[in-house]
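Subject: Structure for handover

Hello,

Here is the structure to take over. My notes on it follow below.

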Amino acid sequence: MGLSICCTGTSERAEHLRLQLLSLARCELPFDVEFVFADDSGDDLIEKILEVLVLPFPVTYLRYTSLHPWSNSPYHCPSFGLNLAIKHAKYDAILKVDPETYWVGPVLSNIPKLFHPDRVVVGVQFELSEEVTQRLIEGDEPEVLEGKAKTNSPLLLFSKRRFLLVGGYDEEFMRGSGFEDDELVMRLAKSGAQVLEVPAFRAFHLWHETKRSYLLFHLNEERFRKKVEMLKRGGSWVANQDHVWGDPSAILKHKVFGAFVDQRWERLKRSAREAE
């Protein structure tokens with residue numbers, strides 16, 4: 001089995017992303033893993049971080065422009081970045097995470113049992129405090145991590161093929177204002193997928209300052225409500241019908257980082273020379 005962990009964000013979360021990748025590297029991963037990150041930054045900070053990290057899995061890095069031709073709004077949705085990342089994923093098993101996701105323990109080792117092409121698994125993230133997050137950034141991890149469950153930022157495990165079938169994340173949901181995950185899960189369920197909530201499928205979520213437009217939040221909420229009502233009336237539930245979603249033409253830079261693979265190859269060559 002292979003797993004593609006997909007994520008999008010900006011350099012405001014660069015330190016959080018670095019911590020996630022390092023925490024992921026410490027996990028028990030009895031299967032192939034790749035990390036796919038779509039970067040909506042106007043700088044190369046995340047790219048520079050990826051250049052120096054040594055990880056036991058490849059990271060596909062996609063820098064893209066956030067100027068979407070179908071939107072005149074200065075606010076853009078994470079849905080586009082997630083669509084871009086998932087379209088570039090290598091494996092059918094997709095795990096959607098946030099840049100602030102932080103892994104502890106063997107929870108990922110259960111994914112082969114949880115994943116099924118006709119299932120959506122909904123996990124839980126627990127919000128860490130500002131103090132604990134700062135300690136982690138400084139390299140001081142507490143023996144025990146505790147946090148409150150986040151209701152608006154689930155872990156999602158689903159099939160890429162089914163995701164493509166239903167048209168991806170709805171890119172009309174505005175940035176940082178919610179409901180894009182809820183809407184996707186309901187569309188996947190309407191396509192015939194079983195929705196399975198698994199509280200034991202959990203991770204932590206690093207604290208960060210929240211910048212939210214309440215106007216955009218209510219616009220997203222209203223869009224989601226109308227879609228639910230349409231579904232109840234037997235109407236069609238579609239997304240991204242008027243444009244190319246996850247449009248690859250928005251990509252400015254595409255790199256794959258795999259320092260660990262390079263070092264392993266060097267060790268193998270050195271061992272071969274020593275054996276001679």
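How many bridges join S4 to strand S7, and in which sense do the two run? There are 4 bridges between S4 and S7 (residues 148-159), and the strands run antiparallel. Helices (H or I, at least four residues) and strands (E, at least two) are DSSP runs, numbered from the N terminus, and two strands pair if DSSP finds at least two bridges between them.

This is a predicted model, in which local features need pLDDT of at least 70 and side-chain atom pairs count only at pLDDT 80 or more, while totals for chains, interfaces and linings use all residues. Residues are numbered from 1 along each chain as its sequence is written, and side-chain values use heavy atoms, with hydrogens and water left out.

Strands

In S7, Leu157 stands opposite Leu95. S4 (residues 93-96) also pairs with strand S1 (residues 2-9), here in the parallel sense and over 4 bridges. Cys6 is the residue opposite Lys96 of S4. Both faces of S4 are covered: Ala93 and Leu95 on one side, and Ile94 and Lys96 on the other, are all buried. Buried means under 20% relative accessible area, exposed over 50%, and partly exposed in between (1.4 Å probe, protein chains only).

Nonpolar cores

A nonpolar core is taken as a set of buried Ala, Val, Leu, Ile, Met, Phe, Trp, Tyr and Cys residues joined through side-chain atoms within 4.5 Å. The largest one has 36 residues, of which Leu3, Leu21, Phe35, Leu95, Trp103, Leu157 and Phe201 touch the most other members. Helix H1 (residues 14-25) gives the most to this core, with 4 residues. Another core, of 25 residues, lies apart from it and includes Ala38, Leu84, Phe158 and Val166. Leaving out residues up to four places away in sequence, Leu3 has contacts (heavy atoms within 4.5 Å) that include Glu34, Tyr91, Leu95, Ile111 and Leu157.

Glu34

Glu34 is in strand S2 (residues 32-39). Glu34 is buried yet has no salt bridge, and the nearest side chain of opposite charge, Lys90, is 6.4 Å away. For charge, Lys and Arg count as positive and Asp and Glu as negative; His and the chain ends are not counted. A salt bridge is a side-chain nitrogen of Lys or Arg within 4 Å of a carboxyl oxygen of Asp or Glu. The side chain of Glu34 does reach the backbone nitrogen of Lys90, at 2.5 Å. A polar contact of 2.5 Å also joins the side chains of Glu34 and Ser4. Such a contact is a pair of N or O atoms within 3.5 Å; within protein, one must be able to donate a hydrogen and the other to accept it, and residues adjacent in sequence count only if both atoms are side-chain atoms.

Salt bridges

The whole structure has 22 salt bridges. One of them joins Glu47 and Lys255 (2.5 Å, N to O). Glu47 lies in helix H2 (residues 45-52) and Lys255 in strand S9 (residues 251-257), so this pair ties together parts that are 208 residues apart in sequence. Glu47 is buried at 5% relative accessible area, whereas Lys255 is partly exposed at 30%.

Glu222 and Arg225 form another, with their closest N and O atoms 2.3 Å apart. These two are 3 residues apart in helix H8 (residues 214-232), about one helical turn. Glu222 is partly exposed at 30%, and Arg225 is partly exposed at 36%. Salt bridges that share partners also join Asp39, Glu47, Glu51, Arg63, Lys253 and Lys255 into one network.

Regards
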